[in-house]
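Here are my notes on this entry, in numbered points. Please read them with the model open.

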Amino acid sequence: QTKEIFKPPHLKNTVLTCLIQFGLTSSYYTLMMWFPELFNRFETFETHQPGMDASVCQVSSVYIEQDGALNTADLCGSAVGGTVYTHTLWIGVACIPMSLLMPLCVHRVGAKFFLVMCLFVSGVASAALYFVKNSLQNLVLSCVFEAFSSLGISVLLCIMVDLFPTNMRVMAAAASATFGRLGSLIANIIFGLLIDSHCILLIIIFSSLLIVSGLLSLALPNGDGKDLD
């Protein structure tokens, strides 16, 4: 079964789903893990600079001293603000509306449409993080990203049911999940290394991964409900 998914006629679909899963999952799990840290940095900045607007990258630069060295005075002892928990809760709630809407519309517009839409909207939302000016705008974009990217992961798994015969679906899903987890591991390491010094580069990387994944999704065949068994 494992060999068959890497042979024609299934090779194309296997490669596409693995690459899409890599870009989608790496961006989703990395940003979702680091959103609370960004919320905390926004709260810290707005506490010390009330009324002043700042982008995500400007807020991150607060953690860097003027000479470019990392400020290591208090890396582990900083208190977490109360709004960080509230904003994180709102992110969790944000995925509910799209999860309820998708089952009502998927048979009319198709799962592929939802996948492409989720990837492009998530990519635009992550790119727009560069232009936010306060914590509220950051929260709104974070909720949009969570709602569409989490739905995209579920839709991709649904699409794979139509792409592969029953005896290959488990291995195909496992292969794509492996690529996704590998991407998440690499992306989290990169994010931690670059967030303080190259914030704009991170935004470019993750938005590009999502948009490229959206373009790759266009190459997936449309599900026609045929029997693959």
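1. Residues 171–194 are 100% helix and 0% strand. Their end C-alpha atoms lie 34 Å apart. Keep in mind that this is a predicted model.

2. The stretch just discussed comes from the record. The unreviewed UniProt entry annotates residues 171–194 as "transmembrane region", along with 15–35, 88–106, 113–132 and 200–220. Residues 113–132 are 80% helix and 0% strand. The ends of that span, taken at the C-alpha atoms, are 28 Å apart.

3. Helix 1 deserves a check of its length. It has 38 residues, and at 1.5 Å a residue it should span 56 Å.

4. Where does helix 1 bend? The bend is at Phe 35 and comes to about 35°. A proline, Pro 36, follows within four residues. In the UniProt record, one annotated "transmembrane region" covers residues 15–35, and the bend is at Phe 35.

5. Helix 1 also holds a charged pair. Arg 41 and Glu 37 form a salt bridge through their side chains, with 2.7 Å from N to O. Both residues belong to helix 1 and sit four residues apart, about one turn of the helix. In general, side chains of opposite charge can pair when their charged atoms come close. The count for the model is two salt bridges.

6. Look at the segment before helix 1, where Pro 9 is found. Pro 8 and Pro 9 are joined by a cis peptide bond, with omega at about 5°.

7. The largest cavity has a volume of about 110 Å³. Its lining includes Leu 31, Leu 38, Val 56, Ser 126 and Phe 191. Cys 199, Leu 202, Ile 203 and Phe 206 are also among the lining residues.

8. Which helix gives the largest share of that lining? Helix 7 does, with four residues. Helix 1 (11–48) and helix 7 (199–217) each supply at least two. By class, the lining of the largest cavity has ten nonpolar residues, one polar and no charged.

9. Turn to the second largest pocket. Its volume is about 320 Å³. The lining has 16 residues, and those nearest the centre are Val 106, Gly 110, Ala 111, Lys 112 and Asp 162. Helix 3 (82–109), helix 4 (111–128) and helix 5 (135–163) each give two or more residues to this lining.

10. Helix 5 gives the most to the lining of the second largest pocket, with five residues. By class, this lining divides into ten nonpolar, four polar and two charged residues. The lining of the largest cavity, by contrast, has no charged residues.

Methods
Residues numbered from 1 in each chain as written. Predicted model: local features only at pLDDT ≥ 70, side-chain atom pairs only at ≥ 80, totals over all residues. Heavy atoms only, no water. 1 Å grid on protein atoms, 1.4 Å probe; cavity = no way out; pocket = protein on both sides within 12 Å on 5 of 7 lines; lining within 4 Å. Points joined across faces, edges and corners; volume = space filled by probe spheres on them. Nonpolar A, V, L, I, M, F, W, Y, C, P; charged D, E, K, R; others polar. Expected span 1.5 Å × (residues − 1). Bend = angle between axes of the 7 residues up to and from the residue. UniProt positions renumbered as here; feature names shortened; annotations may be inferred. Salt bridge = Lys/Arg side-chain N within 4 Å of Asp/Glu carboxyl O.
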